Amino acid sequence: MTRQISRRSMLRAAGTAAGAAGIGVVGAGVATSALASPAVAAGSAFAHPGLLHTRTDLDRMAAKVKAGARPYTAGFAKLTANRHAQSGWRANPQATVYRGAGSPQNYAVLYNDIHAAYQNALRYHVSGETAHADTAVAILNAWSGKLTSIQGSADRFLAAGLYGYQFANAAELVRDHGDFELGRAQEVMRNVFHPVSDSFLRDHNGAVVTNYWPNWDLTAIACVLATGIFCDDRAVVDRAVEYFKHGDGMGSVRHAIPVVHEDGLAEWVESGRDQGHALLGVGLMGTVCEMAWNQGIDLYGYDDSRFLKGAQYVAKWSLGGDVPYTANTRRKGAIGGWSGSETAAEAAGVDPAMTRPIWAMIANHYTKRRGLSASYVTRAAVKAAPEGGGGDYGPNSGGYDQLGFGTLAFTRDPGPVEVTPSVSPSGAASGGDARPQGAVSDSASPTAGRDLAATGAEDMVGWAAAAGVSAVAGGLLLLRRRDRVRRGGAE
């Protein structure tokens, strides 16, 4: 495979290796796996590529497809069949992008071009065909050379958040290409996308903090986090991480997932709205968690894996299962202006046929990296496979909210449980828990432990069928998990 290699990438690789040399044991007696997420030492540059995909991820995809391994080949076929993934794509950059009623909307041009850049860049990393890298670079350079503003109604915040994090991910995949205008792309992130998203997290468009559902916050968090990583700005990354954990808006993890039940499922508040927006929220939160993980920040495991519990809830509900819902009322309106309220009394109806390309990333993290049970998420991932991307889920903007292609990008073989170090707000790596973060609480009842062990078998069978994984390998992981439960340890 041919790749463009610059002096900048060589220096960055050397710095990353030097930082990694200082990382030894995480917690008491728990050694880091060779495949553990990259840790970022205080004051060091961020790992690149390091948004949704690391170098290890990209090399794995290429090797698996070259070897004809399933389901990677099916995922890659889904990519190559998409019209956006063709090297003949030509960009149509605009100086101002508008989204929202009352404005001359042209935002579809932006999201189509960004998805074309991302898909061509991903295709290049898997196939080694440089024409696709050149196409991605040309698209991104065209936009960074012209885009100056995101405008429109309140929907401009959605445009900045969604297309900002996506632009950064596409650009991250070609940041070392000799013709890529990295500095100019970083300026677009800092000066066009990021300010709109950051302002939303600060004042929510002048509205009361509960006026906007979680998705609005989550698009902004994703953009702010992606900006910080792509531009090597620690303070911006810290801002996104802090908001995810403790933000006042509905997109912070405890507001998006407000109630945890004894069965281990946790209500996703937007399931009281509708299925499409709940799926969007899970996909966005998973995106935030994955980008953070690739920089050594564990949001997947934060607050006793609260995100896993919320994702499990949405997966079960979306598959047609019955879930509890705690009625809640949220205030709406402008600060100092009109006001009102809205009550969600129960989970909305669902269409079990509806799917989004969000599940492979989440299922693989919890079942493959951590060895945890995620039975409903796993079922949803198997049902959605092979996951496509923008252009495969309808022509409207909702079909472009996720970059997708998770079957190709995130399928992993079962292996040693990975542990990421806890990272302080300043970025200093510190010792983690002896137990992998995100494991089920030690106080969980024995009955709960037996339930997890039972559903673990279902996880292994499902993934073996979907990924062509050896049943023996899956069985060994299951036995190890059951042994931990029987000893009274964490699942």
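**Backbone exceptions, helix packing and salt bridges**

Asn 205 counts as partly exposed, because its relative accessibility is 30% (buried means under 20% relative accessible area, exposed over 50%, and partly exposed in between, with a 1.4 Å probe and protein chains only). The model is predicted: local features need pLDDT of at least 70, side-chain atom pairs count only at pLDDT 80 or more, and totals for chains, interfaces and linings use all residues. Residues are numbered from 1 along each chain as its sequence is written, and side-chain values use heavy atoms, without hydrogens and water.

Asn 205 has a phi near 60°, a positive value in a residue other than glycine. Asn 205 sits in the loop between α7 and α8 (214-230). Helices (H or I, at least four residues) and strands (E, at least two) are DSSP runs, numbered from the N terminus. Phe 405 also has a positive phi, about 60°, and is not a glycine. Phe 405 lies in the loop between α14 (375-384) and α15 (406-410). Its relative accessible area is 0%, so Phe 405 is buried. Most residues other than glycine have a negative phi, and most peptide bonds are trans.

Two prolines follow cis peptide bonds. The bond from His 48 to Pro 49 is cis, with omega near -10°. Pro 49 belongs to the loop between α1 (7-20) and α2 (55-66). The bond from Arg 70 to Pro 71 is likewise cis, with omega near -5°. Pro 71 belongs to the loop between α2 and α3 (72-81).

The protein contains 17 helices and 8 strands. Of its 491 residues, 55% count as buried. Among contacts (heavy atoms within 4.5 Å) with a separation of 6 or more, 76% involve residues 24 or more positions apart.

Helix α7 packs against both α8 and α9. Two packed helices are described by the angle between their axes and the distance between the axes. Axes are lines fitted to C-alpha atoms, for helices over the stretch in contact, and angles run from 0 to 180 degrees between N-to-C directions. The axes of α7 and α8 come within 9 Å and cross at roughly 150°. The crossing of α7 past α8 is left-handed (the near helix is turned anticlockwise from the far one by less than a right angle; clockwise would be right-handed). On the α7 side, the contact residues include Leu 182, Met 189, Phe 193 and Leu 201. On the α8 side, they include Trp 216, Ile 221, Val 224 and Phe 230. The residues of this α7 contact with α8 divide into 12 nonpolar, 4 polar and 3 charged. Ala, Val, Leu, Ile, Met, Phe, Trp, Tyr, Cys and Pro count as nonpolar, Asp, Glu, Lys and Arg as charged, and the others, Gly among them, as polar.

Helix α7 (residues 182-203) and helix α9 (residues 234-246) pack at an angle of about 35°, with their axes 12 Å apart. This crossing is also left-handed. His 194, Asp 198, Leu 201 and Arg 202 in α7 meet Val 236, Arg 239 and Tyr 243 in α9. The residues of the contact of α7 with α9 comprise 3 nonpolar, 1 polar and 3 charged. His 194, Asp 198 and Leu 201 in α7 also meet residues of α8.

The structure holds 15 salt bridges (a side-chain nitrogen of Lys or Arg within 4 Å of a carboxyl oxygen of Asp or Glu). Glu 172 pairs with Arg 175, their closest N and O atoms being 2.7 Å apart. Glu 172 and Arg 175 are buried. Arg 306 and Asp 303 form a salt bridge at 3.0 Å, N to O. They are 3 residues apart in helix α12 (residues 302-318), so about one helical turn separates them. Arg 306 counts as buried at 9% relative accessibility, whereas Asp 303 is partly exposed at 22%.

Glu 342 forms a salt bridge with Arg 330, with 2.8 Å between the closest N and O atoms. Glu 342 lies in strand β6 (residues 339-344) and Arg 330 in strand β5 (residues 328-333), so the pair ties together parts that are 12 residues apart in sequence. Glu 342 is partly exposed at 29% relative accessibility. Arg 330 is buried, with a relative accessible area of 6%. A network of salt bridges links Asp 57, Arg 60, Glu 290, Arg 369 and Arg 412.

Asp 113, in helix α4 (residues 107-127), is buried yet has no salt bridge. The nearest side chain of opposite charge, Arg 83, is 8.4 Å away (Lys and Arg count as positive and Asp and Glu as negative; His and the chain ends are not counted). Leaving out residues up to four places away in sequence, Asp 113 touches Trp 89, Arg 90, Ala 91, Asn 92, Pro 93, Ile 139 and Trp 143.
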